[in-house]
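Thanks for making time this morning; I would like to walk you through a few local details of one structure. Please have a look at the display first, and then we will go on together.

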Amino acid sequence: MAEWSGLHSSTSRHTMDKSITLPPDEIFRNLENAKRFAIDIGGSLTKLAYYSTVQHKVAKVRSFDHATKEATSDELYEISVQEEVTARLHFIKFENAYIETCLDFVRDHLVNTDTKVIKATGGGAHKFKELIERKLGLRVDKEDEMTCLIKGCNFVLRNIPHEAFVYAKHADSEFRFQTTQPDIFPYLLVNIGSGVSIVKVESEDKFERIGGSSIGGGTFWGLGALLTKTKRFDELLQLASKGQHTSVDMLVKDIYGGSYGSLGLTGDLIASSFGKSATADKGFPKEDMAKSLLHMISNDIGQLACLYAKLHNLSRVYFGGFFIRGHPVTMHTITYSINFFTKGEVQALFLRHEGYLGAIGAFLKGAEEDNPNQYSWGENYAGSSGLMSVSPDMNPMQRARSGTNPRHHCHHTKFDMLEMDRLERKLVNLPLLQDASSYIPDTVDLAEDALAREYWLYCFEEALDGVVKRALASQPDMPEAAERAEKFRQKYRHKLQTLRHQPFAYGSLTVRSLLDTREHCLNEFNFPDPYSKIKQRENDMALKYYQKVVKSLEELSWEERQFALIRGVLAGNVFDWGAKAVSDVLESEPEFGFEQAKRKLEERPWLVDSYDQWFERLKGPPHKCALFFVDNSGLDIILGVMPFVRELLSRGTEVVLASNSAPALNDVTNGELQILTESIAAMDPVIQAGLREDRLTLVQSGSSSPCLDLSRLDKVLAMVVRERKTDLVIIEGMGRAIHTNYYAMLSCESLKMAVIKNSWLADRLGGKLFSVVFKYEVPAAGHDSEALTPP
């Protein structure tokens, strides 16, 4: 690994510990393409932000021009791997002691930047201005600290679904992540630095400091230092976490011998902070004094925050500042205080990326001409360290970080990273969610369910060799593929190990987040589409059977056909390379086909079975428009979904097919589906007419995940859904209809169909391998909806 340049030359107090070597591909990544810089220098930590362009490989499909192509190949389309440039934001946090070394490193690696300015904020921006200008040769442009903080806060709340959390010290999962509301305003931000600032935020650009206090984090630190002779903030917190405040504080029961019933005060309430010290004839342990002081300051701030929240009628109150910064001790005392003063009506909310807000805001100020807010951004799990648990005896910056290779763990304890990728599409809510603010995509929160967590982490670890093998097989002609595949293996295995110990590192831990992290890591090492060859082969094969399947369906009576169509969709859904039970069969029996899959399916009654209700509905008037979220390539889309779509079109229902924008496992992508649909249209007049009359539309979902988050969908899709007055949503597959959206409530009729291809999950749901979930739901308003609870 590369030594970090300039490490051993200077011996000032700013140099790093000699043992620290930093592989540049892991800490200051893509610096050579950095475009803009911003820096936020606080009392002890520096946060550096920059924007870079990342070149990575993407798999593109395009149909062959059959006129010019040799007749030898009967492949429908070709797959080419192309370079694509995307935008990425990098944020790095480190201790101020390393600022000089870091600036040297940045200067030595800045190759092609045309930047002349660095935006700076934070109290230290003034102090280090001259150093930054000298080292980087950039002009320091200072930005208002509060404006930066608010801008950063708005940005993370808007772009990171699990940004805010409630802290529950004694619960199974200490961190309870909140679903981000479609509208993040208005909110109260209580920033507890040296003093306290209380800010009301009403919109992107409108905020006002409505109050504050001089009794803040600096007070705790200063008085704490005087009382305990402990100079370090973290050591003070550590002392406080071990102390007993009751030996120092005067409680209600110390005055009244018990509770004060008529005023509703329990005996254990603090009547007077430090009240016992006036009359004590002995000194107190440091720990107890630190604990009493912590309660005193936290309760004071808590009460102040509650009064302002009430005064301005705000229910969302976020806490930040160095006093909080992920310290369980302070998060717990603030949470307790808010809960007490509002009688549980207001929850104290904390932010996963709270330490980065100033840097993000300063960066956004500098990037205004690019208008970063017109895009959606997504956290890149491969390059971000995630939220670490803080045991009170360690300063947050000295904990081992997870964004790095485990081999260098001991060296990298000083850096923390966040990377955000700019998404091609602006993402919005599906307009058909019954209540967007209470929608939670994921069915099970693995942070709260230890058994499920153990199983799925084990499952993903077991599957890793297969994924590596598949990635290699997808790039047989690339000599360096083996080395990249090995790096992918190490990176993803390390992420799994981190999540075993810190389930909340990236927000809620779910099957979806484990799958998405794997996709991010594959992309990171340039394996954009490991299943491309398999998808191509299966699509070509399935097309040969399409007409035969349609013909046999047409020979059935109307009633038989409706059932056969559903069985066809379910049989198609068996073909999922993401499920071990299936990939084992497909590897060992290449001739395993559509009819064999039907025989695998559970007979009715299914595990969840509302087919009778669906069948009755089909006797009624046709739906106006159906939105169908599709799943796998090959037999699934071609022999399962397309005949079903054909039937809907024949009934007079318009159909919108939503498929992934980019590859994930063997799911069909929008690019592949365009080509497949055209070639099906060439042999099927119903599909052809649908396309020609614009009654069959293909749109991309904006997602590249095997699961589905209905609150982050392509804006164009949402527009189409509205314009066409969609009144039926169909969600197919285990990832989209079981791991996610099983409980999703829609404002129109919905159909969730999946085959359970994982024996542990089947067992847990009370079924067996290849059990069927067929869930038809009608929104309650004005209908007798079948309440279908899962087994």
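This is a predicted model: local features need pLDDT of at least 70, side-chain atom pairs count only at pLDDT 80 or more; totals for chains, interfaces and linings use all residues.

Aspartate 421 touches Ala87, Arg88, Ser376, Trp377, Gly378 and Asn380, leaving aside residues up to four places away in sequence, where contact means heavy atoms within 4.5 Å. Residues are numbered from 1 along each chain as its sequence is written, and side-chain values use heavy atoms, with hydrogens and water left out.

Aspartate 421 lies in strand E16, residues 416-422 (helices, H or I, of at least four residues and strands, E, of at least two are DSSP runs, numbered from the N terminus). Aspartate 421 is buried, with a relative accessible area of 17%, buried being under 20% relative accessible area, exposed over 50% and partly exposed in between, with a 1.4 Å probe and protein chains only.

Turning to helix H3, residues 129-136, its buried residues are Leu131, Ile132, Lys135 and Leu136. Seen down the axis of H3, these fall within an arc of 100°, so they line one face of the helix, the arc being that of the directions from the helix axis to the C-beta atoms. The face turned away from that buried side carries the exposed residues Glu130 and Arg134. Among the elements that cover the buried residues of H3 are strand E1 (34-41) and helix H1 (99-109). Just after H3, glycine 137 takes a positive phi of about 65°.
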